[in-house]
Amino acid sequence: MDSVGTLPPDALSRAVIEIEKHVSSAGWDQPAQLFALVPTEELLRAEPQLAAQLGADDASQPLTPVAQGELPGGVEDEHLADTLGRIEWPDGVTGCALAIERIVLPAAAESGLDDVDSDAELARMAGSDPRRHEVRMVAAVLRAGGRFGAVRLRAHDEDSAVLTGVDLVPTLCEVLSLTFEPSAGSRSGEGPGVDGMSDEEKP
């Protein structure tokens with residue numbers, strides 16, 4: 001899109017921080033949530049009423065996140081790529097973001113789980129490990145290739161302790177970029193779109 005070139009360098013990072021704060025305001029133990037990122041100036045020009053509903057009354061925030069709701073189907077690590085790969089965004093969407101909670105273990109703890117057979121048993125053992133960290137990750141990508149992420153630890157649940165960076169959640173960003181792959185077009189209709197943007201709420 002032509003507007004991508006006019007976005008300020010910090011547009012994606014600002015959108016990620018806004019989404020992370022919005023999701024965190026509702027507390028923990030939430031399902032994975034997907035957001036479309038739409039250029040605010042284009043939204044104001046093309047859909048002023050929708051922009052007002054989303055709280056994007058001016059272009060001070062370059063990208064407006066539009067909540068798409070929970071992801072359909074399984075969103076465990078082994079299903080996430082397949083779920084996202086079935087999504088196709090319309091041209092008006094410049095980027096997208098995903099907020100998801102995970103349990104992270106240190107490398108020493110993960111090595112002891114290599115022989116676990118079932119996913120359910122793996123989740124049970126990881127969830128009961130005293131060395132675990134519960135985290136919320138927000139990953140965002142632009143159609144043009146930009147990436148940014150944020151991580152909040154449940155044990156340090158403060159805005160000032162949120163980690164952010166371009167390379168913070170590279171794997172999640174890589175998977176999220178699948179939603180902009182041309183091959184997704186052959187599977188359109190199987191995942192969420194943004195047809196119902198007017199019914200969504202801005203973070």
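Here is a short tour, from confidence to sheet to side-chain contacts.

This is a predicted model, in which local features need pLDDT of at least 70 and side-chain atom pairs count only at pLDDT 80 or more, while totals for chains, interfaces and linings use all residues. Residues are numbered from 1 along each chain as its sequence is written, and side-chain values use heavy atoms, with hydrogens and water left out.

The protein chain has an average pLDDT (the predictor's confidence in each residue, from 0 to 100) of 77, and 68% of the residues reach at least 70. Over residues 184–203 the pLDDT stays under 50, and the model has 47 contacts (heavy atoms within 4.5 Å) beyond four places in sequence for them. Where pLDDT is low, the predicted coordinates should not be read in detail.

Strands β3 (residues 95–104) and β4 (residues 133–142) are joined by 10 bridges, and Glu-101 has Arg-136 in β4 as its bridge partner.

Arg-136 also lies over the face of Trp-28, 4.1 Å from the ring centre; the rule asks for NZ of Lys or CZ of Arg within 6 Å of the ring centre and within 35 degrees of the ring normal.

Finally, there are seven salt bridges, each a side-chain nitrogen of Lys or Arg within 4 Å of a carboxyl oxygen of Asp or Glu. One of them links Glu-20 and Arg-152 at 2.6 Å, N to O. Glu-20 lies in helix α1 (helices are H or I runs of at least four residues) and Arg-152 in strand β5, so this pair ties together parts 132 residues apart in sequence.

Technical notes: Two strands pair if DSSP finds at least two bridges between them. Helices (H or I, at least four residues) and strands (E, at least two) are DSSP runs, numbered from the N terminus.
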